Amino acid sequence: MTDTLAEAAVRAIACLDLTSLNDDDSDAAITALCRRAVTPAGPVAAVCVYPRFVPLCRRLLDGSGVRVCTVVNFPHGREDAAAVAAETRAAVDDGADEIDVVLPYQAWLSGRRDPARAVLEAARAAAGDRTLKVILETGRLMTAAAITSAAAAAVVAGADFLKTSTGKTAVSATLESAHLLLDVAAAAGRPVGVKVAGGVRTPAQAAAYLRLADGVLGTAVGPDRFRFGASGLLGALLATLGDGTAGPVPRSGY
């Protein structure tokens, strides 16, 4: 059965990683983000912030049910596995529940697969039992073959989620790239989720992604298998539900 737009909005809120990854983010901006994370329609899945804000979010969201997510090797996807491991360990020590690590996608495209794999393996080991999402930057990988091979390698390295994008490139999430990641996740042989990030701004777009995920994974997906990484989407979802307390739309275009 197809969800109504309101039903899809409720589902999308529960699957939302409410995100602020601006270079000029401040304690005040992140505090406001955390205040928006528990909505009249229920809490979002997580807030996603730069590592320096993890302790603040941990304090503000304690007991809320909202997870704290941060990014490492972001946004450029360097090839330094030791640095990625150290960054990941520091984030875990600060209280991060989830780590979004950028695949060295330029290395992957140029055929330097081993250094790219080493970064993912280092992040997986350092993250321990925390949720690890691998950002593939599908808008730069571009072709179905490159996206699928990178996603499969991320699964082998231990990714819990495959994520489309950093939101920092010209092309971010698309239904086509999400479909490719969902196909890899469905064939993984263990539960693997997909996170679409960048450019999802309307309830209709969110509903389209949910329909796609339901169809490929064969179930009504929840936050354990599907996420949206977005900043401006929450206000639009709450407006669909008739709520006027969404708060200001973040400055990010994520």
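Q: Which residue in β10 does A197 stand opposite?
A: This is a predicted model. In it, A197 stands opposite G229 of β10.

Q: How many bridges pair β9 with β10, and in which sense?
A: Strand β9, residues 193-197, pairs with strand β10, residues 226-230, over 4 bridges in the parallel sense.

Q: What do the strands close into, and in what order?
A: They form a barrel of 8 strands, in the order β1-β4-β5-β6-β7-β8-β9-β10, with parallel pairing. From one strand to the next, the twist averages 25°. Helix α3, residues 54-61, packs on the sheet and touches β4 and β5. The direction of α3 makes about 170° with that of β5.

Q: Turning to aromatic rings, how many aromatic pairs are there?
A: The count comes to 3 aromatic pairs. One of them joins Y50 and F74, edge-to-face, at 6.0 Å centre to centre and with 75° between the planes. Y50 lies in the loop between β4 and α3, while F74 lies in the loop between β5 and α4, 24 residues apart.

Q: Are Y50 and F74 buried or exposed?
A: Y50 counts as buried at 12% relative accessibility, and F74 counts as buried at 15%.

Q: What about the rings of Y209 and F228?
A: Their centres are 6.4 Å apart and their planes stand at 80°, so this pair is edge-to-face. Because Y209 lies in helix α10 and F228 in strand β10, the pair ties together parts that are 19 residues apart in sequence. Y209 is buried, with a relative accessible area of 6%, and F228 is buried as well, at 0%. Y209, F226 and F228 form one aromatic cluster.

Q: On to cysteines: how many disulfides does the count come to?
A: The count comes to 0 disulfides.

Q: Last topic: what does α8 pack against?
A: The buried residues of α8 pack against α5, α6, β7, α7, β8 and α9. Those buried residues are A146, I147, A150, A151, A153, A154 and V155.

Q: And how far apart are the end C-alpha atoms of α8?
A: They are 18 Å apart, which agrees with the 18 Å that its 13 residues should span at 1.5 Å a residue. G158, whose phi is positive, near 105°, follows α8.

Methods: Residues numbered from 1 in each chain as written. Predicted model: local features only at pLDDT ≥ 70, side-chain atom pairs only at ≥ 80, totals over all residues. Heavy atoms only, no water. Helix = DSSP H or I, 4+ residues; strand = E, 2+ residues; numbered from the N terminus. Expected span 1.5 Å × (residues − 1). Buried < 20%, exposed > 50% of the residue type's maximum accessible area, 1.4 Å probe, protein only. Contact = heavy atoms within 4.5 Å. Disulfide = S-S within 2.5 Å. Pairing = 2+ DSSP bridges. Axes fitted to C-alpha atoms, helices over the stretch in contact; angles between N-to-C directions. Phe/Tyr/Trp six-rings, centres within 6.5 Å; stacked < 30°, edge-to-face > 60°.
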